[in-house]
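Here is a short briefing for a first look. Start with the ligand and what surrounds it, then turn to the pocket.

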Amino acid sequence: MKRVLVLNGPNLNMLGLREPDIYGHETLDDVKGLCLEAAEKLGLAIDFRQSNHEGELVTWIQDARGVYDGLLINAAAYTHTSLALHDALKILDIPIIEVHISDPKKREEFRHFSYVEPLAVHVIAGQGPKGYVQGLEKLCELL
Ligand code: CA2
């Protein structure tokens, strides 16, 4: 069974609690439920995690080497700011899919650049929580 790490960045633990016009009403637990359901159908084993701490995300990415076969990441605001995440992802030798609930490229200019995108084999944005399911399906195809 292929193993996939699903990483979520800062403030995504607030999903469904505020800004429903942008992010919808589903909570991160709902997103996790969707991912677990999709993983079971696809025959993937997933680990679903969230952190508000850049260093913790970097450590999880470093520790993913040799453990996971693919990474699905919504780095949230660190997408647009974190060279540290970029460098950690660069040394990861498994397929990386970038996912966003909203479409950052259709929002404020400061969300248009992504440090994750150059290292991702695929980017899914603006599909809401079902983007995570699409990301898992894509990883399944690739693995
Ligand atoms: O659309 C996405 O998935 C984002 O990664 C979400 C990030 C944002 O910084 C990116 O530009 C796009 C923000 C996650 C914070 O989510 C919140 C949810 C509810 C209330 C406040 C923040």
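**Ligand and pocket at a glance**

A polar side-chain atom of Asn74 lies 2.8 Å from an oxygen atom of the ligand. The model is predicted. In this model, the ligand sits in the largest pocket.

- Ile101 uses a polar backbone atom, which is 2.7 Å from an oxygen atom of the ligand.
- On its own, the ligand has 510 Å² of accessible area, and the protein covers 94% of that.

**The shell around the ligand**

- The ligand is surrounded by 16 residues.
- Asn74, His80, His100, Ile101 and Ser102 are the closest of them.
- Sorted by class, this shell holds eight nonpolar, five polar and three charged residues.

**The largest pocket**

- The largest pocket holds about 420 Å³ of space.
- Its lining consists of 19 residues, and those closest to the pocket centre are Pro10, Asn11, Leu12, Tyr23 and Ala76.
- Nine residues of this lining are nonpolar, six are polar and four are charged.

Conventions
Residues are numbered from 1 along each chain as its sequence is written. This is a predicted model: local features need pLDDT of at least 70, side-chain atom pairs count only at pLDDT 80 or more; totals for chains, interfaces and linings use all residues. Side-chain values use heavy atoms; hydrogens and water are left out. A residue is near a molecule or strand if one of its heavy atoms lies within 4 Å of it. A polar contact is a pair of N or O atoms within 3.5 Å; within protein, one must be able to donate a hydrogen and the other to accept it, and residues adjacent in sequence count only if both atoms are side-chain atoms. Accessible areas come from the Shrake-Rupley method with a 1.4 Å probe; for residues, only the protein chains shown count as cover. On a 1 Å grid over the protein atoms alone, a cavity is a set of points where a 1.4 Å probe fits but cannot get out, and a pocket is an open set with protein on both sides within 12 Å along at least five of seven lines; lining residues have an atom within 4 Å of a point. A molecule sits in a cavity or pocket if more than half of its atoms lie within 2 Å of its grid points. Ala, Val, Leu, Ile, Met, Phe, Trp, Tyr, Cys and Pro count as nonpolar, Asp, Glu, Lys and Arg as charged, and the others, Gly among them, as polar. Grid points are joined across faces, edges and corners, and a volume is the space filled by probe spheres set on the points.
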